[in-house]
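Please open the structure in your viewer and keep the selection tool at hand.

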Amino acid sequence: MKKYFLVATLSVAFISAFPYFFYAQGTKKTINEKDKATILEIFRTIEPNLYRVGFSISDKYGSKFIGRHDKIDKLVSGQDVVIENAMVETYFPTVNLWFIVTKPVSPAEGLEGVFGKQNASKLKSLLNKYTGG
């Protein structure tokens, strides 16, 4: 009898918790239009051939050469993509955003080396807003 009671209790607990688990796993934040415009403004401070930024497979900006088309499909699916002399970032599993930008040259590294301190800080704060990072 105790065994059936335990199984029934666990079953009810699982069924009750399942919708919350499913909802949490399936949610994806969408970047609002104002923040999207700010992100594009930051990227437009450098030459278009130095970056490619996308908010979906079809909503892309910049003209950096990526190579094979399937690399964008991999970015959107959240897979790792390596492109020579480029930083590749994908936030697509949680936020509809990916970007590829030419690697910075010394002395500054990372986004700061590409966009400058102020724009890199602004971009990082927007990314943190949507990714919780």
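The stops below concern salt bridges, a nonpolar core and a cavity.

This is a predicted model, in which local features need pLDDT of at least 70 and side-chain atom pairs count only at pLDDT 80 or more, while totals for chains, interfaces and linings use all residues. Residues are numbered from 1 along each chain as its sequence is written, and side-chain values use heavy atoms, with hydrogens and water left out.

**First stop: the salt bridges**

Side chains of opposite charge can pair when their charged atoms come close. A salt bridge here is a side-chain nitrogen of Lys or Arg within 4 Å of a carboxyl oxygen of Asp or Glu, and the count comes to two.

Select K129 and D35, whose closest N and O atoms are 2.6 Å apart in a salt bridge. K129 belongs to helix 5 (residues 117-131) and D35 to helix 2 (residues 33-43), so this pair ties together parts that are 94 residues apart in sequence. Helices (H or I, at least four residues) and strands (E, at least two) are DSSP runs, numbered from the N terminus. Is each partner buried (under 20% relative accessible area), exposed (over 50%) or partly exposed (in between), using a 1.4 Å probe and protein chains only? K129 is partly exposed at 47%, whereas D35 is buried at 8%.

Next, select D59 and K36, which form a salt bridge with closest N and O atoms 2.5 Å apart. D59 sits in the loop between strand 1 (51-54) and strand 2 (60-61), and K36 in helix 2, 23 residues away. Both D59 and K36 are buried.

**Second stop: the nonpolar core**

A nonpolar core is a set of buried Ala, Val, Leu, Ile, Met, Phe, Trp, Tyr and Cys residues joined through side-chain atoms within 4.5 Å. Select I39, L97 and F115, which touch the most other members of the largest core, a set of 23 residues. Helix 5 gives the largest share of this core, five residues.

Now centre the view on L97. Leaving aside neighbours within four places in sequence, L97 is in contact (heavy atoms within 4.5 Å) with I31, I39, V53, G54, F55, T90, Y91, F92 and L127.

**Last stop: the lining of the cavity**

Which residues line the largest cavity? Select I31, I39, V95, L97, L126, L127, Y130 and T131. On a 1 Å grid over the protein atoms alone, a cavity is a set of points where a 1.4 Å probe fits but cannot get out, and lining residues have an atom within 4 Å of a point. Helix 5 supplies the largest share of this lining, four residues.

Note on methods: 1 Å grid on protein atoms, 1.4 Å probe; cavity = no way out; pocket = protein on both sides within 12 Å on 5 of 7 lines; lining within 4 Å.
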